[in-house]
Amino acid sequence: LLPESIELTSSNLSIHTIMMLVAAGFAAYLFIDRLFSLEKHGDDCNISSHNGKLSVITLIFHSFLDGFSIGLAFKISPDIGWIVAIAVLAHKFSDGINTVSIIIKDKTRRKEVIRWLIASSLAPVFGVILAYLLNIPDIALGIVLAVFTGLFLYISASELIPESHHHHPVIWTSILTILGMTLILLISSFAV
């Protein structure tokens, strides 16, 4: 996303400005995560201490943004669109599990759980549709991509990488991280 952002904005914005937007996206997600965190970190982890419906609404909004990012990526090129779509789809199953788990912990009835799960499933579709319907100028698209880059960097830095150190064999998490990086490099190379 970052190279595309730089390319789309190169005639109007400096790389320094783009990197500031990436940092702003990182900081925004950090703030949102700390303010509306779905879980407490530390020994007193207890998801039921949070409002389950608020947590699920944030997951649904996250799913909407996932769909929006897919739609924006396809506006840049089909290759980038498919890369972003595959990356988003790779974690959608776990989003569904999280949605159901949070709602069940909130002691919600089965019918309502199904409604929340349907809302979570449809949110990315509406995100894609909105991105498709909006006519976004290249400069604005480049700015949005820079902010999304910051969001994805935050998720990697705060959730994915630290998680690889908790109760997992170090050698396998290291090998799988390198394999994941290699896969992303290969996909990106073939998409260009």
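The bend at a residue is taken as the angle between two fitted axes, one through the seven residues ending there and one through the seven starting there. The model is predicted.

Select helix α4, residues 78-105. Its 28 residues reach 40 Å from the first C-alpha to the last, close to the 40 Å expected at 1.5 Å a residue. Centre the view on lysine 92, where α4 bends by about 35°. Lys92 is also one of the buried residues of α4, which include Asp95, Gly96 and Thr99.

Proceed to helix α5, residues 110-133. With 24 residues at 1.5 Å each, α5 should span 34 Å, and the 35 Å between its end C-alpha atoms agrees. At leucine 122 the helix bends by about 30°, and proline 124 follows within four residues. Pro124 is among the buried residues of α5, as are Trp116 and Gly127.

Which residues form a nonpolar patch on the surface? Select Ile114, Ile118, Leu122, Val125, Phe126, Ile129, Tyr132 and Leu133, which together have about 820 Å² of accessible area. Valine 125, in helix α5, is partly exposed at 42% relative accessible area.

Finally, display the aromatic rings, which give three aromatic pairs. Phenylalanine 64 and phenylalanine 68 are stacked, at 6.4 Å centre to centre and 20° between the planes. These two residues lie four apart in helix α3, so about one helical turn separates them. Phenylalanine 68 is buried at 13% relative accessible area. Next, select phenylalanine 74 and tryptophan 82: their ring centres are 5.2 Å apart with planes at 85°, so this pair is edge-to-face.

Key: Residues numbered from 1 in each chain as written. Predicted model: local features only at pLDDT ≥ 70, side-chain atom pairs only at ≥ 80, totals over all residues. Heavy atoms only, no water. Expected span 1.5 Å × (residues − 1). Buried < 20%, exposed > 50% of the residue type's maximum accessible area, 1.4 Å probe, protein only. Patch = residues over 30% accessible without salt bridge, like charges linked within 9 Å, V, L, I, M, F, W, Y side chains within 5 Å. Areas by Shrake-Rupley, 256 points an atom, 1.4 Å probe, with all protein chains shown as cover. Salt bridge = Lys/Arg side-chain N within 4 Å of Asp/Glu carboxyl O. Phe/Tyr/Trp six-rings, centres within 6.5 Å; stacked < 30°, edge-to-face > 60°.
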